[in-house]
Amino acid sequence: MRAVTAAIRMHDRFLLTTHEHPDGDALGSLLGMHLGLQALGKDSVMYLPGSGPIAGEYQWMPLDALVRTPPADQAKRVLLALDCAGAGRIGDPVALERAPLILNVDHHHDNTRFGTVDLVIDTASSTGEIVFDLLTALGVTITPEIAEPLYVALVTDTGRYQYSNTTPRALRVGAELVEAGADVAGVFKKVYESVGFPKLKLLARVLDRAEQYEDGAVVISWLVHTDWPDVGAGEGYSEGVIEHLRSVEGARVVALIREPPFRTPVQRRVSLRASDLSIDVSAIARQFGGGGHPQAAGFTSDQTTAELIEAICSAYVAATRGAA
Ligand code: 5GP
Ligand code: MN
């Protein structure tokens with residue numbers, strides 16, 4: 001913590017980035033940190049490499065300053081990676097090579113420690129919680145504009161303060177953010193209750209196709225690339241859909257296999273969730289080259305949907321063998 005705050009005090013130009021397919025924690029940390037650095041008089045640029053869409057539930061966030069190509073002075077900016085468990089999660093490998101200094105701020109237990117300085121706190125509910133601590137340590141006044149994105153980070157990564165990472169500390173930081181001006185009902189309305197109608201239709205397909213395996217302990221569903229145009233959904237519309245599968249009685253591991261929207265699949269993205277603290281789905285994801293948290297993880301694969309279903313079930317059986 002001290003090494004990161006010292007580096008922030010010492011430097012003037014920053015390039016802030018986060019992982020591809022950014023979620024609420026990724027975008028909330030990015031924006032909160034950006035505004036906090038600006039409040040300190042720093043020159044900060046938010047950079048999300050590539051052209052992947054921002055999920056619909058976060059499009060209301062004031063992210064107009066976000067750039068999708070690196071700034072010309074990239075090599076002179078301290079790279080601050082937020083919520084990235086590994087270098088590969090940053091969509092621009094060159095950014096790491098060019099950076100004079102890399103600050104790696106994250107809460108994934110399997111973070112690969114790719115930074116010059118690594119601030120990895122796996123007991124933090126979210127990267128947003130760590131950003132709150134950093135800004136507080138730096139003496140930044142938490143304005144409503146800073147509080148709200150950080151609140152988005154906490155509320156989304158804790159599953160609206162319901163998942164096992166909902167620590168007393170996460171609740172206290174949430175309370176401080178609300179005191180500082182984060183609009184609880186407003187964020188709820190914008191993130192959870194402004195779902196585009198086509199997203200409801202995508203969810204319907206996911207629920208309809210869901211199958212139980214291993215006596216109901218594993219629930220898997222999938223989306224094919226034509227689902228998005230069929231229901232009129234944009235690319236980011238499948239974000240969060242998996243959470244609906246984990247509510248099923250008896251389900252211990254749930255998976256959603258997604259083909260790339262609109263494109264003939266070469267690779268599929270697999271999201272995994274555990275509803276049970278005794279199973280670590282990040283260990284399963286790592287077997288397939290991915291990673292994540294014990295309760296929420298993912299990976300990308302070139303196997304077919306049928307092959308993936310079989311592989312996930314086998315991995316579940318292997319993971320629980322002897323434990324039951
Ligand atoms: P989601 O299923 O929402 O895409 O991701 C859930 C969690 O798994 C996130 O915390 C994310 O960091 C992690 N995750 C998803 N895909 C990957 C991946 O390909 N590699 C790694 N290391 N982590 C992933
Ligand atoms: Mn996170």
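**Notebook: helix 5, the manganese site and the cores**

I began with helix 5 and found that twelve of its 14 residues are buried, so helix 5 is largely enclosed by the rest of the structure. Buried here means under 20% relative accessible area, exposed means over 50%, and partly exposed lies in between (1.4 Å probe, protein chains only). I note that this is a predicted model, where local features need pLDDT of at least 70, side-chain atom pairs count only at pLDDT 80 or more, and totals for chains, interfaces and linings use all residues. Residues are numbered from 1 along each chain as its sequence is written, chains are lettered from A and ligands numbered from 1 in the order in which they are written, and side-chain values use heavy atoms, with hydrogens and water left out.

**Entry 1: helix 5**

Helices (H or I, at least four residues) and strands (E, at least two) are DSSP runs, numbered from the N terminus. I checked the length of helix 5, residues 144-157. At 1.5 Å a residue its 14 residues should span 20 Å, and its end C-alpha atoms are 20 Å apart, which agrees. The expected span is 1.5 Å times one less than the number of residues.

I listed the buried residues of helix 5; among them are I146, E148, P149, Y151 and D157. What covers them? The cover includes helix 2 (24-39), helix 4 (127-137), helix 6 (168-179) and helix 7 (184-192). After helix 5 comes G159, with a positive phi near 60 degrees.

**Entry 2: the manganese ion**

Which residues coordinate the manganese ion (ligand 2)? I found D25 (OD), D83 (OD), H107 (NE2) and D157 (OD), at 2.1 to 2.4 Å. Donors are N, O and S atoms within 2.8 Å of the metal (3.2 Å for Na, K and Ca); water is not among the atoms, so sites may look incomplete. Along the chain the donors follow the spacing D-x57-D-x23-H-x49-D. D25 in helix 2 and H107 in the loop between strand 4 (102-106) and strand 5 (117-120) are 82 residues apart, a link between distant parts of the chain.

D25 is buried at 0%. H107 is buried at 4%. D83 is buried at 2%. D83 lies in the loop between strand 3 and helix 3 (93-98). Its phi is positive, about 65 degrees, although D83 is not a glycine. Most residues other than glycine have a negative phi.

T127 in helix 4 came next. T127 is buried, at 0% relative accessibility. Leaving aside neighbours within four places in sequence, T127 is in contact with D25, S29, L82, D83, V105, D106 and H107. Contact means heavy atoms within 4.5 Å.

**Entry 3: rings and charges**

I counted two aromatic pairs. Rings of Phe, Tyr and Trp (its six-membered ring) pair if their centres lie within 6.5 Å; planes under 30 degrees apart count as stacked, over 60 as edge-to-face and the rest as tilted. F188 and Y192 have ring centres 6.2 Å apart and planes at 35 degrees, so this pair is tilted. Both lie in helix 7, four residues apart, about one turn of the helix. F188 is partly exposed at 33%, and Y192 is partly exposed at 23%.

F288 and F299 have ring centres 4.4 Å apart and planes at 10 degrees, so this pair is stacked. F288 lies in the loop between helix 10 (281-287) and strand 10 (291-292) and F299 in strand 11 (residues 296-301), so the pair ties together parts that are eleven residues apart in sequence. F299 is buried, at 1%.

I also looked for charges over rings. The rule asks for NZ of Lys or CZ of Arg within 6 Å of the ring centre and within 35 degrees of the ring normal. The charged end of R160 sits over the ring of Y192, 3.8 Å from its centre. R246 has its charged end over the ring of Y163, 4.1 Å from the centre. R160 lies in the loop between helix 5 and helix 6. R160 is partly exposed at 43%, and has a positive phi of about 60 degrees although it is not a glycine.

**Entry 4: the cores**

A nonpolar core is a set of buried Ala, Val, Leu, Ile, Met, Phe, Trp, Tyr and Cys residues joined through side-chain atoms within 4.5 Å. The largest has 49 residues, and M33 and L177 have the most contacts inside it. Helix 5 gives the most to this core, with seven residues. A second, separate core of 21 residues includes L272, A274, I279 and A297.
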